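Get your viewer ready and keep the selection tool at hand. We will hop from one stop to the next, looking at what each selection shows.

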Amino acid sequence: MARRTFEVYRGTAADGKLENYDVEVEPGMVVLDAIFRIQAGESPDLAVRWNCKAGKCGSCGCEINGRPKLSCMTRISDYPDGESITVTPMKAFPIIKDLVTDVSQNYRANKKIPQFRPRPKDAEDGWRMYQFEVDKAQEMRKCIECFLCQDVCHVLRSHGKHEEFAGPAYMVRTAAFSMNPIDTVDRIEFLKETGGIGYCNITKCCTEVCPEHITITDNAIIPLKERVVDRYYDPIKALVRLVRRGGKNG
Amino acid sequence: MEIRERYDHDVLVIGAGGAGLRAAIAAQEEGLSVGLVCKSLLGKAHTVMAEGGIAAALGVVRDEDNWRVHFRDTMRGGKGLNDYRMAQIHATEAPDRVREMEGWGALFDRTDDGRMNQRPFGGHTYARLAHVGDRTGLELIRTLQDHAVHEGADVYMECTIVKLFAVDGRVAGALGYWRPTGEFVLFRARSIVLATGGIGKAWKVTSNSWEYSGDGMAMAYDLGAELLGLEFVQFHPTGMVWPPSVRGTLVTEGVRGEGGILTNSEGERFMFRYVPEMFQGDYAETEDEADRWVGGDRVNNRRPPELLTRDVVAKAITAEVEAGRGSPHGGAFLDIAAKRSPEYIKKKLPSMYHQFKELAEVDITAQAMEVGPTTHYVMGGIKVHPETAETAVPGLYAAGEVAAGLHGGNRLGGNSLSDLVVFGKRAGEAAAKSATAAELAEISESDLETAITESLAPFQRQGGHNPFEVQEQLQRVMQDKVGIARTAEGLQEAIEDVRGLRGSLKACSVSGDRAYNPGWNTWLDLRSLLLVSEAVAISALGREETRGAHTRIDFPETDPEQQKNNTLVTEEDGRMVARKDPIPVVPEDLQTLIKEGV
Ligand SMILES: Cc1cc2nc3c(=O)[nH]c(=O)nc-3n(C[C@H](O)[C@H](O)[C@H](O)COP(=O)(O)OP(=O)(O)OC[C@H]3O[C@@H](n4cnc5c(N)ncnc54)[C@H](O)[C@@H]3O)c2cc1C
Ligand code: SF4
Ligand code: SF4
Ligand code: FES
């Protein structure tokens, strides 16, 4: 059986360092399995978040060799034999302990998004929507809230604009509501002001790390930016639209 | 011992999966203040992992479907042990509970005429499961979570409740600790809803997460609630079997619902040989007939035997493996590529596609999967009133997987998600109603102090066992002796083993401090898990027959006499005992419905 070395961040925000662990690995193991082995052996107090261990809940986000990843979906064999693997907490958020960070700002950002409100029912048993109409919103609703895109986005990671910019994950959430064919709520002012969509300069780093393969930039942020531009920077278009559609265009 | 934080609410909901969220929404609608507590971050409960769909007789795909057919399927699937009233309420109310979620933003997959699509699942007569590809649970939990939060629920996340308190016989509060800091927090409430989910972490091969340690059941039991039907633990027939690190991870029944077939090492589609007498005539008898059904002609053909109930399929796979016809890693082959195009598979089962590709290097659009049984769900749980979800403890309610009654001896796929929203709502409403008539009560400081001291005990010791070792030993005992096939001898041994492990738990020590310390957290969870494991084993020992998910090698037949009772575990004179609890008699009209069809 092979052994691999893991360098795992141990400590709090104030004080911590990379600790070396020598772990026995079997074929098929993922990085989270190695963390479990460390817990079951020398360090039962090694802190990590996880739930589903199948890429579905978005709990286990961290950085593996500096890349934002789900540790439950990252196979150890993806990294060349003989090299050690570093596992560190997401950098964009304050560390609580070891691999666990304080992600509460994401929940706060989510709460600020204007709530979904449907149009009146189309029939007694609900609404009529066609698959082609819901496809786009369904792409956005695949988001598992792993926060990896938030972690990689330089606006949050390097510039710490957590209060000014909701971040890519919440652009995705806003898009999920606004692309719902029966939604009636205008979220344009939110996007421009509270959501801070202007901070995004379309580097597409978020799309690259999304484990759900959501095309965050092209399918969520750019269309939302266009709506904001239409409203605020093209008065004639905005006026025409307002008259024609009676308000809803968020 | 200090408690720095104390919160008061009208209704406290413990657990933020589908059941807890739906209960919170219902209680909020009554204008009450609601606190919602969960062990993990919000949105990460088991509900998020549900894949295949939510069962409701919407009658969209087949307009012959209605609550009567759904009721009948649920009762037959439960092998007669269900609480008929719960099954009736569930079948009747599920359609409205599913539809109302569209109004809160849920987007289910559509039919060609723009309505909610439904897919076939095991044990359901008609295509009945509303779904979103194979990530239905995610859609459900996000919808409910956004709705609850925007409507004003106070959410306390990464907060684990360790003990419930009653004052003058009525539930009065809950003591918890914050995972990030290890500091204690007290919640007082006029009524409490438990929605803490199941117990699957007690087995080695499982689709369940660390959260499933049976806390709700153990805490309610300590307060005098009764545990019903715990011998019925569902082993889902299709978990991954390879590689070892993902053994147990779920493969949705949706794969079979979409046409996937099960074969053995000889290439035989063996399920045709395993149709039980009760279901004779309901399933296709030839591969051609099954293929025509998968091809779309569902009126003139019967569904494939792969869609038999989970207990039947799990036992069939086990029997094939034991007969030497297993797959290389000890399972059966599940093949969807043989029946559907790669595009179809990627569209309908996207997360299965990724799961196998990334974790097992198997491309399910071209190759068969290897699958075998995995611990999945517990039908048993806290006994509740069928209409209000109240437990034996006044003011304490239970809904979702933590409660018992609806599913009897075996749960049909898709009937859990619908259970959550139907009974979550009812529990929330009933809790709200009784809260308005109750007062907040003072919880004795010395009781709180005792609970805190007990919780911190392992920090006082040094050089004891690592809690993770005890957990692993428990998982081995339950897997080997209280697993899919049981004997009196094994169960007796298991009871002794579990009691022994309770001793080991008392000798555990933990290192480090209280802040985010998985060793300590696991130690606390194990207190519940050991209690519930013992209850499962003594329940299983008492049922001397084979029925539904409970298989006794020493009693291989189903005994009609034993259909009259459920098993009830209670505390008597400080000891855990199992006794028989008569099953409510099904009214005549419903009996005819179950026997003769609609
Ligand atoms: C992989 C998988 C796939 C599934 N697929 C389907 C499907 O397709 N269809 C279907 O109908 N069913 C399915 N099920 C079953 C179904 O998902 C679960 O039974 C259901 O989600 C349970 O919901 P719940 O609300 O009862 O509990 P959960 O969603 O598990 O929530 C429990 C909550 O209680 C909290 N909690 C627990 N203990 C404590 C404590 N001590 N203190 C504070 N909080 C606590 C947890 O943090 C969590 O928030 C599936 C299950 C799994 C595991
Ligand atoms: S595209 Fe925008 S949101 Fe995404 S990482 Fe770049 S700046 Fe951030
Ligand atoms: S958009 Fe993708 S990367 Fe961002 S939180 Fe959602 S799933 Fe994670
Ligand atoms: S543990 Fe759920 S995504 Fe990794």
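How do the residues of the shell around ligand 2 divide into nonpolar, polar and charged? Select that shell and you will find 8 nonpolar, 4 polar and 1 charged. Keep in mind as you go that this is a predicted model.

**Stop 1: around ligand 2**

Stay with the shell, which has 13 residues, and highlight Cys153(A), Cys200(A), Thr203(A), Lys204(A) and Cys206(A), the ones that come nearest to ligand 2. Then colour helix H8 (205-209) and helix H9 (216-233) of chain A: these are the elements that give two or more residues to the shell.

**Stop 2: the two domains of chain A**

Now colour chain A by domain, with residues 2-101 as domain 1 and 104-235 as domain 2. Taken over C-alpha atoms, the centres of domain 1 and domain 2 of chain A are 30 Å apart. Each of these domains brings 16 residues to the contact. Between them, domain 1 and domain 2 of chain A bury about 1,200 Å², and 59% of that is on carbon and sulfur atoms. On the domain 1 side, select Pro68(A), Ala92(A) and Phe93(A), which lose the most area to domain 2 and together make up 41% of what that side buries. The count of salt bridges between the two domains of chain A is 1. While in chain A, show Glu63(A) and Arg157(A) as well: they form a salt bridge, with the closest N and O atoms 2.7 Å apart.

**Stop 3: salt bridges in chain B**

Over all chains, the structure holds 74 salt bridges. Pick Asp73(B) and Arg128(B), whose side chains meet at 2.9 Å, N to O. Asp73(B) sits in helix H2 (residues 67-77) and Arg128(B) in the loop between strand E4 (118-119) and strand E5 (129-130) of chain B, so this pair ties together parts 55 residues apart in sequence. Is Asp73(B) buried or exposed? At 5% relative accessibility Asp73(B) counts as buried, and Arg128(B), at 0%, is buried too.

Next, select Arg110(B) and Glu102(B), a salt bridge at 2.5 Å, N to O; both residues are buried.

For a contrasting setting, move to Arg302(B) and Glu285(B), where the closest N and O atoms of the salt bridge are 3.4 Å apart. Arg302(B) is partly exposed at 27% relative accessibility, while Glu285(B) is exposed at 52%.

**Last stop: a network**

Finally, select Glu145(A), Arg173(A), Arg142(B) and Asp146(B) together: salt bridges that share partners join them into one network.

How values were computed: Residues numbered from 1 in each chain as written. Chains lettered and ligands numbered in written order. Predicted model: local features only at pLDDT ≥ 70, side-chain atom pairs only at ≥ 80, totals over all residues. Heavy atoms only, no water. Near = heavy atom within 4 Å. Helix = DSSP H or I, 4+ residues; strand = E, 2+ residues; numbered from the N terminus. Nonpolar A, V, L, I, M, F, W, Y, C, P; charged D, E, K, R; others polar. Salt bridge = Lys/Arg side-chain N within 4 Å of Asp/Glu carboxyl O. Buried < 20%, exposed > 50% of the residue type's maximum accessible area, 1.4 Å probe, protein only. Domains from an automatic or database assignment. Contact = heavy atoms within 4.5 Å. Buried area = accessible area lost by both parts, 1.4 Å probe.
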